[in-house]
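This report describes the fold of a single chain, its sheets and a set of loop residues. The sequence and the structure are shown first.

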Amino acid sequence: ESISGVHSGILMGPNGTDFDIRLYRWTGRWTQVASGTTNDSQEEVNYNGASGYYYWRVQSYSGSGDYTFCLKQP
């Protein structure tokens, strides 16, 4: 069951890379509702959203390697 509340995501990529995270919500189509897109290897997003279906997308803007992604859902 989906409930409203804060969706939190923290991404930690390799040093010297630029990884980004984006949060999407289903609204009849997938709509981006939040993102972490700084020029860093680490990103953090906190989004207070209504109940529904969500998904996270991790993208390497520059560089590659292993990463850690932690999330907390309401």
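Two residues are in contact when heavy atoms of theirs lie within 4.5 Å. On that basis, 69% of the contacts in the chain with a separation of 6 or more are accounted for by residues 24 or more positions apart. The model is predicted: local features need pLDDT of at least 70, side-chain atom pairs count only at pLDDT 80 or more, and totals for chains, interfaces and linings use all residues. Residues are numbered from 1 along each chain as its sequence is written, and side-chain values use heavy atoms, with hydrogens and water left out.

## Overall description

The chain contains 0 helices and 6 strands, where helices (H or I, at least four residues) and strands (E, at least two) are DSSP runs numbered from the N terminus. Along the sequence the pattern is β-β-β-β-β-β. Taken along the principal axes, the C-alpha atoms fill a box of roughly 35 × 20 × 15 Å.

Of the 74 residues, 31% count as buried; buried means under 20% relative accessible area, exposed over 50%, and partly exposed in between, with a 1.4 Å probe and protein chains only. The accessible surface of the chain comes to about 4,800 Å², by the Shrake-Rupley method with a 1.4 Å probe. Carbon and sulfur atoms contribute 43% of that surface.

The chain carries 5 positive and 7 negative charges, and their mean positions are 12 Å apart. Lys and Arg count as positive and Asp and Glu as negative, while His and the chain ends are not counted. Each charge is placed at NZ of Lys, CZ of Arg, CG of Asp or CD of Glu.

## The sheet S3-S2-S5

In this open sheet, 3 strands are arranged in the order S3-S2-S5 with antiparallel pairing; two strands pair if DSSP finds at least two bridges between them. Strand S3 (30-36) and strand S5 (54-62) are the edge strands, each pairing on one side only. From one strand to the next, the twist averages 30 degrees, based on axes that are lines fitted to C-alpha atoms, with angles running from 0 to 180 degrees between N-to-C directions. Strand S2 (residues 18-26) is joined to S5 by 8 bridges in the antiparallel sense. Leu23 has Trp56 of S5 as its bridge partner.

## The sheet S4-S1-S6

A further open sheet of 3 strands has the order S4-S1-S6, again with antiparallel pairing. Strand S4 (42-49) and strand S6 (68-72) stand at the edges with a single partner strand each, so one side of each has no neighbour in the sheet. Neighbouring strands here are turned by 10 degrees against each other on average, direction ignored.

Strand S1 (residues 5-12) is connected to S6 by 5 bridges and to S4 by 8 bridges, antiparallel in the pairing with S6 and likewise with S4. Towards S6, Leu11 stands opposite Phe69 and Ile10 has Cys70 as its bridge partner. Towards S4, Met12 stands opposite Gln42. In a regular strand the side chains alternate between the two faces of the sheet.

## Residues in the loops

| Residue | Relative accessibility | Class |
|---|---|---|
| Thr17 | 10% | buried |
| Thr37 | 39% | partly exposed |
| Ser41 | 10% | buried |
| Ser51 | 36% | partly exposed |

Thr17 lies in the loop between S1 and S2. Setting aside residues up to four places away in sequence, Thr17 touches Asp40, Ser41, Ser62, Gly63 and Ser64.

Ser41 belongs to the loop between S3 and S4. Beyond residues up to four places away in sequence, Ser41 touches Leu11, Met12, Gly13, Pro14, Asn15, Thr17 and Phe19.

Thr37 is also found in the loop between S3 and S4. Apart from neighbours within four places in sequence, Thr37 is in contact with Asp20, Arg22 and Glu43. Thr37 and Ser64 are 27 residues apart in sequence and 16 Å apart in space, C-alpha to C-alpha.

Ser51 sits in the loop between S4 and S5. Its C-alpha atom is separated by 7.5 Å from that of Gly5, a residue 46 residues apart from Ser51 along the chain.
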